[in-house]
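Biologist: I'm new to this structure and would like to learn how to read it. Could you take me through some features one by one?

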Amino acid sequence: KTTLEIKDLHVNVAQENDSAAPIEILKGVDLTITSGETHAIMGPNGSGKSTLSYAIAGHPRYEVVSGSVTLGGEDVLSMSVDERARAGIFLAMQYPVEVPGVSMSNFLRTAATAVRGEAPKLRHWVKEVKQAMSDLDIDPAFAERSVNEGFSGGEKKRHEVLQLELLKPRIAILDETDSGLDVDALRIVSDGVNRYRESEQGGLMLITHYTRILRYIKPEFVHVFSNGRVAESGGPELADELEEHGYERFTRAGAGA
Ligand code: ADP
Ligand code: MG
Ligand code: MG
């Protein structure tokens, strides 16, 4: 078992105007995720959910002011972005980037090589990719297209989950994976995420503003973000409460955001 441990994490974000002072977004986040567990991170817009994922992934605009992030006891914050990926941290972006000129199949093999420490045997790899693509109802022609170039929203999400299934990260962070998916696509994507969960190889941080995806992916733990902190943690019943009452209890005057 591997544990991702976030302790009293404070993060500033640099503003577009470089001369402006950075703003403090995360104000002391504590969170522990162990492989095999699924944690839903919920919260109002602007509460800092994406900032947490960017900070863990090592995005340059996000400056960790204090606190710690460790994976299996190793200091994640001192690792480069590549080292974090190799250590087994996977971040599916809210807005996945396009990589022109790099085919999906090459991209995936390069990523798998980085994570596994050696290139997967080509014939075995091709079979593995074909199977995972067919499970996710992805057109085989996709393997030869450039990463995310001209992909529809739904196709990008499937591609994210394809990576999840093939790379089997130790910690997977999915940020708003449900946004822009119709019900059929949501089911296919959720089935893929659930196959990753069943493998019990990693822990899952499922960031979502809406409760809809939680009908398909059942978290054991639910955390509500408010104003750059975890305001409350609980089990699935917390998501049920949010489904019924929304975030009002967490956004009243004084709660910030
Ligand atoms: P969430 O994902 O919960 O909606 P975010 O982490 O995206 O919240 O944003 C938290 C706060 O940080 C928001 O007020 C947002 O405007 C601000 N913020 C995030 N990224 C930047 C940035 N690059 N520049 C300026 N402000 C930012
Ligand atoms: Mg603090
Ligand atoms: Mg966000």
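Modeller: Gladly, and let's begin with aromatic rings: a search of the whole structure finds 1 aromatic pair. Rings of Phe, Tyr and Trp (its six-membered ring) pair if their centres lie within 6.5 Å; planes under 30 degrees apart count as stacked, over 60 as edge-to-face and the rest as tilted. Here the pair is stacked, because the rings of Tyr-54 and Tyr-62 have centres 5.2 Å apart and planes at 20°. Before we go on, this is a predicted model, where local features need pLDDT of at least 70, side-chain atom pairs count only at pLDDT 80 or more, and totals for chains, interfaces and linings use all residues. Residues are numbered from 1 along each chain as its sequence is written, chains are lettered from A and ligands numbered from 1 in the order in which they are written, and side-chain values use heavy atoms, with hydrogens and water left out.

Biologist: Is Tyr-54 buried or exposed? And Tyr-62, buried or exposed?

Modeller: Buried means under 20% relative accessible area, exposed over 50%, and partly exposed in between (1.4 Å probe, protein chains only). Tyr-54 has 15% relative accessibility, so it counts as buried. Tyr-62 is at 19% and therefore counts as buried too.

Biologist: How many residues of α1 are buried?

Modeller: Helices (H or I, at least four residues) and strands (E, at least two) are DSSP runs, numbered from the N terminus. In α1, 9 of its 9 residues are buried, among them Lys-49, Leu-52 and Tyr-54.

Biologist: Which residues are the closest to ligand 1?

Modeller: A residue is near a molecule if one of its heavy atoms lies within 4 Å of it. Ligand 1 is surrounded by 13 residues, and the closest are Ile-25, Gly-46, Lys-49, Ser-50 and Thr-51. Helix α1 (residues 49-57) gives the largest share of this shell, 3 residues. By type, the shell has 5 nonpolar, 6 polar and 2 charged residues. For that sorting, Ala, Val, Leu, Ile, Met, Phe, Trp, Tyr, Cys and Pro count as nonpolar, Asp, Glu, Lys and Arg as charged, and the others, Gly among them, as polar.

Biologist: Which atom of Ser-50 lies 2.9 Å from an oxygen atom of ligand 1?

Modeller: A polar contact with a ligand is a pair of N or O atoms within 3.5 Å. For Ser-50, a backbone N or O atom lies 2.9 Å from a ligand 1 oxygen. Tyr-62 has a polar side-chain atom 3.2 Å from a nitrogen atom of ligand 1, and a side-chain N or O atom of Arg-61 is 3.5 Å from a nitrogen atom of ligand 1. On its own, ligand 1 has 560 Å² of accessible area, and the protein covers 67% of that. Accessible areas come from the Shrake-Rupley method with a 1.4 Å probe.

Biologist: What span does helix α5 reach?

Modeller: The expected span of a helix is 1.5 Å times one less than its number of residues. With 15 residues (153-167), α5 reaches 21 Å from first C-alpha to last, close to the 21 Å expected. α5 is mostly covered, with 13 of its 15 residues buried.

Biologist: Where is Asp-137 found?

Modeller: Asp-137 sits in the loop between α4 (122-135) and β8 (146-147). Although not a glycine, Asp-137 has a positive phi of about 60°. Its relative accessible area is 53%, so Asp-137 is exposed.

Terms used. A polar contact is a pair of N or O atoms within 3.5 Å; within protein, one must be able to donate a hydrogen and the other to accept it, and residues adjacent in sequence count only if both atoms are side-chain atoms.
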